[in-house]
Structure formats: C-alpha cells, structure tokens
Amino acid sequence: YFYMNELNRAEAKARILKEVEEKLHRSFGITFDDATPMQLYKAVALTVRDEVMERWTHGREERAEQKLKRLYYLSVEFLPGKMLVNHLLNLVEFDLYQEALSEVGVNLMELEAEEPEPGLGNGGLGRLASCFMESLATLQLPAMGCSIRYEYGLFRQQIVDGQQVEAPDNWLEDGFIWEVPDYDDEMEIHFGGHIIEDWSEGYLKVRHEDYNTVLALPYDVPVSGYDSDIALSMRLWSARSPRRINMEQFSRGDYIKASEEKELAEAISKVLYPDDNHLEGKELRLKQHYFFTSATIQYAVKDFKRRFPELPITRLADKIAIHINDTHPALAILELMRVLLDQEGLPWETAIAVCSKVFAYTNHTIMNEALETWSEDLFKVLLPRLYSIVQAINQDFCESLWKHYPGQFDRIAKMAIVSYGQIHMANLAVAMSHAVNGVSKLHTRILKQDLFADFYRIYPGRFHAITNGISYRRWSLKANPGLAHLITEAIGPGWLRDAAELEKLRPMAEDGAFLEKAAAIKKENKVRLAHYVEKTQGIVLNPDSIYDVQAKRLHEYKRQLLNALHILYLYQQIKANPEADFTPRTFLFAAKAAPGYYRAKLIISFICQVAELVHNDPDVKGRLKVVFLPNYNVSLAEVLIPAAEVSEQISTAGKEASGTSNMKFMLNGAITLGTLDGANVEMLDAVGEENIIIFGMTPEEVQQAYRFNSYRQGELYEENLALRRVLDMMVDGSLTPANPHRFSELYQALLFSDNGGMADPYFVLKDFDAYAAAQKKVEALYGRPKVWQKKSVLNIAASGVFSSDKTIREYNRKVWHLSPVESEE
Ligand code: 26W
C-alpha cells in the first residue's frame with residue numbers, strides 16, 4: 001500500500017468502505033447511517049481482523065511445514081493495549097483506512113475509543129510480555145503467549161474526595177472482537193483428591209483419584225508484527241465447569257448446589273489479583289497458576305505429538321522452549337514432570353533432564369515481599385501429585401548441593417526448594433532452568449551477588465543479563481505520530497524496522513529548524529494532554545509550563561513521596577518569596593495502588609491534598625499545578641508519555657529491576673530525572689551524562705547503609721532546615737486542617753523505626769537534597785530552550801538500543817534458539 005498510485009489508492013479505499021458496509025449488514029443487520037459507534041467500530045475491526053487472520057493462518061502453516069521449534073511464553077499477566085490502530089499500523093494500512101473513513105466522516109482514532117483495553121496485568125511485567133509478543137511477531141519467530149482470560153481485569157481507579165476507589169473492570173461486557181475460542185483444545189485440569197502409588201506391575205504407577213475437574217477453554221487473540229507475514233497467538237485460558245449444570249443434582253432438586261459448583265470452578269478465571277510486587281499465599285491464586293500452566297503444558301505436549309509423531313518425547317526440548325515470566329508460572333515445571341512421568345512413563349532422571357532443557361526463567365524483582373512461596377499444607381491438599389514431585393526434586397537437589405557445600409546446613413536450607421513448611425518458587429525455577437536472567441545489567445549483578453549468589457557460584461553459566469525493551473513502534477508511531485513522521489522525514493522509514501537507525505538523528509540535534517519542529521510537536525502533544533485533562537478532570541493546564549510526569553504503580557520504593565515532598569518545598573519557596581521569578585511547572589502523577597496496600601493509598605491521598613493546597617492558594621497562581629490522573633493504563637500512557645518533558649525515574653537505587661516506561665519517555669524526547677537504578681544506568685551510558693539528570697545514592701551506598709545500619713534519619717531532620725519545614729507540613733494541618741493527623745503515619749514512617757523495621761527504608765530523606773538540586777538543574781536547563789531541545793533530540797536518537805526487537809534477538813541467541821518462519825517470495 002506504501003507504493004500505491006492514486007488510482008489504486010482510490011480503489012483500495014472504496015473497497016475498505018464496501019467491506020465495512022458489508023460487515024454492518026451481515027453482522028448487525030444495520031446500515032452505515034443507522035450504526036452506533038460501537039457497531040461501526042466492530043465492523044471496521046472485523047475487516048481488519050480478516051487480514052490479520054490470513055497472516056495467522058499463514059504463520060501456522062509455515063511453522064508446521066518448516067517443522068520449527070516453538071516458544072511458549074508463560075505469563076500470568078499481559079497488557080496488550082488497544083489493538084485496532086496497532087494492527088493497521090503493522091499492516092501498513094493505517095493511512096489508507098484513516099483517509100477512507102474520514103471521507104465518510106469517521107475518525108479512526110475516535111473509533112478506537114469504543115474498544116475495551118484488556119487490563120490483564122498490573123504493570124511493567126505484563127506490559128513487557130506484550131512488547132515481547134509484538135517483537136516476536138515482527139521477527140517472525142514461532143511463539144505463543146499463554147495466560148488467563150480474566151473476566152475482570154485490573155480494577156478501574158477512581159479518585160473520590162482525594163482517595164482511590166476501585167471499580168470493577170468488566171472489559172468483556174460488550175464482547176471482544178479479537179478473541180477466537182478454540183473448542184478443540186479444551187483441557188481438563190485436576191485439583192485436590194489423593195495419590196495412589198501402585199507397584200503391582202513391578203514398577204511405580206501413580207494414580208490420582210477423587211479429584212475435582214475444571215475445564216480450560218482457550219481463547220486466542222492474534223498478535224501482529226510490523227510488516228510481518230505472520231501473526232502469533234496470545235492464548236488466554238478460561239475456566240468452565242465440566243457439568244454446565246450438574247443434571248443429576250438438578251433433578252434431585254438441589255439446584256443451588258449444582259450451580260454453586262459451577263460458580264466455584266469458574267471463579268478461577270474471574271479476576272486478576274491487583275497486587276504488584278506483593279504476594280499473599282491465597283488458595284485461589286495458586287489455583288489460577290496451576291490452571292493456566294497445566295492447560296498450557298498439556299496443550300504443548302499434545303501439539304508436539306501432533307506435529308512430530310516420529311520423535312520420542314525425550315526430544316521435546318528440540319522442538320519447544322518454555323519461558324517462565326517471573327515465578328508465577330513456575331508450576332509448569334512440576335506439571336511437565338507429572339506428564340512425563342505419569343503419562344509418558346519416562347524414568348525420573350530422564351524426565352528431569354528433559355525438563356531442565358526446556359525451561360528458562362526471568363526474574364523481575366528482588367523485593368522480598370514479592371518472592372513467591374506457598375505453604376506446604378495448602379500445596380499438598382490442592383496439588384497432591386505436584387507436591388510429591390516437588391518433594392522428590394527437592395531431595396535430589398539438596399543432595400547435589402551437599403556435594404558443593406558439604407556441611408553448610410544454613411546455606412543449603414536457604415537454597416532448598418522446600419524448607420520450613422514453604423515451597424520456594426524462585427529456587428525451583430533456578431534449579432530447574434537452563435537459563436536464568438535479570439532484566440537490566442544492574443539487576444542481574446544484584447541477582448548474582450545477592451539474591452542467587454549461592455546458585456551463581458555453582459552454575460555461573462546459567463545466568464544472563466538481558467535488558468528489557470519496548471515495542472517502540474507503538475510508543476512512537478501510534479502514540480506520537482507527529483514525532484514519528486518528523487523522524488521519517490529526517491532519516492527515512494528504515495528506523496521502523498531497525499531501531500538502531502534512530503542514531504541517524506544525532507546530527508539533527510545541531511539543526512535549528514529540526515529542533516523547532518520537534519519542539520512544536522512536543523507542544524502539540526502537551527496541548528492534546530491538556531484537552532484530555534480538561535475534558536476528564538475539568539482542570540486547565542498551562543501548556544507553556546514544564547510537564548513533569550511520574551507514571552507507574554504506586555510503591556514506596558518508587559518514591560512518589562519524594563516527588564510530592566519536593567513540590568511542598570517549591571510551594572514554600574513561592575510563599576516565602578511570592579514576587580521572585582519562577583518557571584511555571586505542572587507535576588503530573590498517575591498510579592494505581594494495590595487495594596490492600598494501605599500506605600500506598602495514603603500516598604495517593606497525600607498527593608491529592610498537595611494538589612488541593614497548591615490549587616487553592618492565590619500566591620501560587622499560574623506557577624505550580626499538580627494533577628493526579630486516575631486510572632493509569634496503556635491507553636492513558638499513550639497520551640501522557642508523548643506530552644512529558646521531564647521523566648521521573650526516582651526509585652531507591654537497587655530496587656527497580658529495570659523500568660520500561662523510562663525507555664518510552666526517552667523515545668518521546670523527555671529528559672530523565674533519575675537515580676542510578678535499573679535501566680536508568682544503561683540510559684545514562686547510551687545518551688551520555690550531559691543529556692540525563694542523575695542524582696542520589698548509588699546502589700552500593702544503599703547496600704552499605706542497610707548492612708551497617710548506618711542511616712541516621714533523625715540527624716537529617718535536625719540538621720536540614722528546609723527538609724524539616726517540609727516534613728513538618730505533613731503534620732501541622734497545612735494540608736488537611738480539619739484532620740491534621742491524616743498523614744502522620746507517613747511522617748512517622750520516615751522518621752521512626754517501627755517494630756524492628758528501619759525508618760525511611762527507601763531513603764527519601766537522605767536523597768531529598770540531591771533531588772531538589774537535580775530539579776534546580778531541570779529548571780535552569782528549561783530556561784535555555786535550544787539546549788533543552790538538543791538534549792531532547794539526543795535522547796530520541798539514543799533510545800534505539802531499548803527496542804524490544806533487540807531484546808528478543810538477545811533472548812533468542814542466548815536462551816531459546818528459535819528459527820524464524822521463512823516467507824516464500
Ligand atoms: C505475586 C505478586 C507479584 C506480582 C507482580 C510479584 C511480582 C510482580 C511483578 C514481578 C512486578 C513487576 O511488574 N515487576 C517489574 O517488571 C518490569 C519488567 O521487567 C521491570 O521493568 C520493573 O522494574 C519491575 O518492577
């Protein structure tokens with residue numbers, strides 16, 4: 001379509017409109033003029049789906065024909081974002097559709113508003129999984145993403161009276177055009193019951209009896225790649241009761257009991273757990289994990305046998321790779337062991353050997369609260385066969401450890417898979433995978449030196465550093481079309497295939513005309529965001545102020561509180577000196593808090609109160625604006641990130657495994673204000689220290705302060721007057737005069753240790769001065785627009801290394817070893 005002449009274009013557009021019209025007639029029995037926006041959206045989406053489906057079929061056929069190895073990417077979360085426009089961009093048909101539809105008065109971007117966003121994830125981990133799927137499709141690597149079809153995605157966040165209120169996300173309510181159920185691949189999942197060991201034939205046969213069955217029905221959602229001949233599947237398993245309604249009970253009049261059973265089975269895929277970086281060992285969650293990993297393993301084995309009837313099961317690892325996205329899907333290891341032992345009849349050692357060749361594991365966090373463990377008591381009741389397998393693996397594993405660490409009981413207990421009544425999923429994943437990776441260089445170093453140090457000593461070759469990446473086409477072409485066109489105008493379209501070509505923009509940083517155009521686009525995006533904020537919040541933004549954005553899950557380690565305290569500091573400066581010069585600033589926050597994370601919710605309230613204070617003070621007028629944007633999700637990110645000038649990446653050094661929004665902001669020309677944490681370190685390497693603002697403690701300093709317990713919070717309070725004044729505002733009634741104690745918990749947590757825990761464990765106070773100084777630099781730099789713009793363009797030029805295409809190539813080289821589907825010409 002790129003190279004079409006005018007005549008062909010006109011024909012193609014007429015064809016598109018005709019197809020849309022036909023869909024309206026056939027699917028909805030309605031004419032174009034009478035169609036609702038939703039019907040129109042669906043009709044357009046159905047025509048696009050037809051084209052994606054062709055690539056889907058093609059991909060399947062070629063994969064089968066070429067007998068290729070396939071990757072199963074298991075993740076309990078995916079955040080794909082809206083799909084219509086993305087597919088059109090990938091098919092390189094966006095312009096054509098847009099023009100065709102605008103000729104009949106329809107705006108394609110507005111049409112996409114009708115599409116529900118699948119909120120099947122919490123944050124970075126889920127979004128990363130979706131970026132990976134797009135890159136796998138683009139590189140034509142055979143892969144399937146597997147997860148759960150949650151009926152309710154992550155809650156919708158509302159802010160009522162300055163507080164987070166959760167509303168259900170019923171995203172399937174109006175139907176989801178992109179999913180296709182596959183009834184042929186429905187799987188049976190067994191819970192509970194007990195195990196019988198049968199030696200009657202002279203060897204061990206294990207029978208599982210009295211279990212409860214739940215059915216897993218897969219819904220496939222196609223994932224397209226940029227200008228790719230194939231589409232991949234995201235396979236979402238949905239739970240169904242085996243007896244739609246238990247007829248026997250029904251006829252005995254026990255209707256309620258029968259429908260209860262159905263409800264109980266279907267509860268498994270009802271709702272996504274809204275916790276990020278915090279695990280509570282709930283039975284329903286364990287059921288979820290087993291449900292989708294068991295379904296996936298059974299399907300993978302079935303597919304292997306169907307495709308390779310000539311190969312023995314011992315060759316499984318030649319034809320499939322299974323990737324475990326964090327430990328949540330690590331039960332897949334035990335489930336494959338079960339299938340190999342009990343169904344395929346492999347001997348123990350052989351099954352272990354096959355498994356360890358199949359699996360690879362990525363760690364995404366070192367936060368202790370997030371490390372997944374399950375109580376043995378719960379595990380053995382729910383998954384009795386997997387329990388006996390994990391016991392045996394643990395036995396073997398601990399014996400082998402004894403050889404490496406003779407007599408070192410404590411060390412072995414720390415590395416054990418089962419210890420002190422708990423099953424440690426990370427230890428299982430490391431012990432049973434052939435590859436383990438961290439998601440940035442720094443994070444991997446911490447894994448090697450700290451979290452998995454004892455493993456690293458024994459298996460150094462198993463560990464890899466593979467830095468995260470982003471689906472940069474969505475975050476430019478889709479989210480920031482103005483910038484994308486400017487880039488293409490300057491360096492040609494090659495960067496859309498190869499992100500490294502963004503480097504060609506470097507010389508443009510010296511080109512005054514280019515800088516002006518880039519600045520004009522940033523301004524347009526700021527105005528677009530201002531419209532959004534005015535429409536949704538009724539708040540008017542000043543597009544000439546600095547747009548400073550912190551958008552991510554709310555977590556103490558991410559330090560939204562540091563940002564908020566600094567705003568109070570600026571406020572005090574304005575109050576002390578109302579006539580002084582002040583660069584107008586807009587601070588934008590967006591963050592969901594886990595519903596049970598009380599302190600995170602309190603921080604949201606705190607930010608909202610700071611916003612109120614600033615808003616209502618006439619001295620501040622036009623200088624400071626603070627906005628908390630509710631319901632951060634992929635769609636909001638697409639409006640917010642292109643408008644940002646300052647990107648807040650201010651986590652305590654060593655705590656953020658990588659971060660990925662930091663990369664999206666960089667690609668969109670924001671200047672990063674960040675700590676030496678996660679991928680920020682690599683952004684610094686890529687762009688150079690003049691083009692990023694780094695502040696605060698180093699990861700080593702943080703480590704030392706914990707180790708030697710040398711942090712003196714109280715002294716900072718005593719000695720730093722500015723800081724003390726800010727902290728005092730938390731409790732002196734300035735924010736909530738009617739209830740001055742509203743935020744005393746936050747204040748206390750910064751200054752006083754509490755049953756053994758240290759005060760201010762994330763070093764908000766310690767980094768305060770450095771942060772304020774860094775913010776001063778921001779202000780000074782903004783006062784020199786040409787210099788700012790130059791740095792902004794250099795950031796865009798250097799952001800190509802964070803393409804997830806590159807990340808996926810690296811996984812493939814180091815871990816998966818897949819061959820691409822070859823297209824016949
Ligand atoms: C079971 C509770 C739970 C839920 C989610 C524990 C842990 C998680 C995730 C691992 C949290 C997460 O999303 N981690 C983020 O992963 C991103 C992708 O690698 C990184 O960029 C972020 O730094 C990391 O916080």
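**Reading sheets, domains and a ligand shell**

Mentor: Two strands count as paired if DSSP finds at least two bridges between them; helices (H or I, at least four residues) and strands (E, at least two) are DSSP runs numbered from the N terminus. This is a predicted model, where local features need pLDDT of at least 70, side-chain atom pairs count only at pLDDT 80 or more, and totals for chains, interfaces and linings use all residues. Residues are numbered from 1 along each chain as its sequence is written.

Trainee: Which residue stands opposite His424 in β15?

Mentor: That is Thr373. The open sheet here has three strands in the order β13-β15-β14, with antiparallel pairing. β13 (373-375) and β14 (418-419) are its edge strands, each pairing on one side only.

Trainee: What lies across β13 and β15?

Mentor: Helix α16 (residues 425-432) does, running at about 40° to β15. Axes are lines fitted to C-alpha atoms, for helices over the stretch in contact (C-beta atoms, placed from the backbone, within 7 Å). Angles run from 0 to 180 degrees between N-to-C directions.

Trainee: And how should I read a parallel sheet?

Mentor: Strands of a sheet pair through backbone hydrogen bonds, either parallel or antiparallel. In this model, six strands form an open parallel sheet in the order β20-β19-β18-β21-β22-β23. β20 (624-628) and β23 (693-694) each have a single partner strand, so one side of each lacks a neighbour in the sheet. Helix α23 (residues 598-616) packs on this sheet, touching β19 (585-590) and β20, and its direction makes about 145° with that of β20.

Trainee: How far apart are the C-alpha centres of domain 1 and domain 2?

Mentor: They lie 36 Å apart. The contact between the domains takes 29 residues from domain 1 and 25 residues from domain 2. On the domain 1 side, α6 (124-138), β3 (156-160) and β4 (163-167) each supply at least two residues, and β3 gives the largest share, four residues.

Trainee: Why does the ligand lie between the domains?

Mentor: Domain 1 (67-82 + 117-433) and domain 2 (474-798) both give residues to its shell, so the ligand lies between them. Those bounds come from an automatic or database domain assignment. The shell holds 23 residues (C-beta atom, placed from the backbone, within 6 Å of the ligand), and among the closest are Gly124, His364 and Ser658.

Notes
Contact = placed C-beta atoms within 7 Å.
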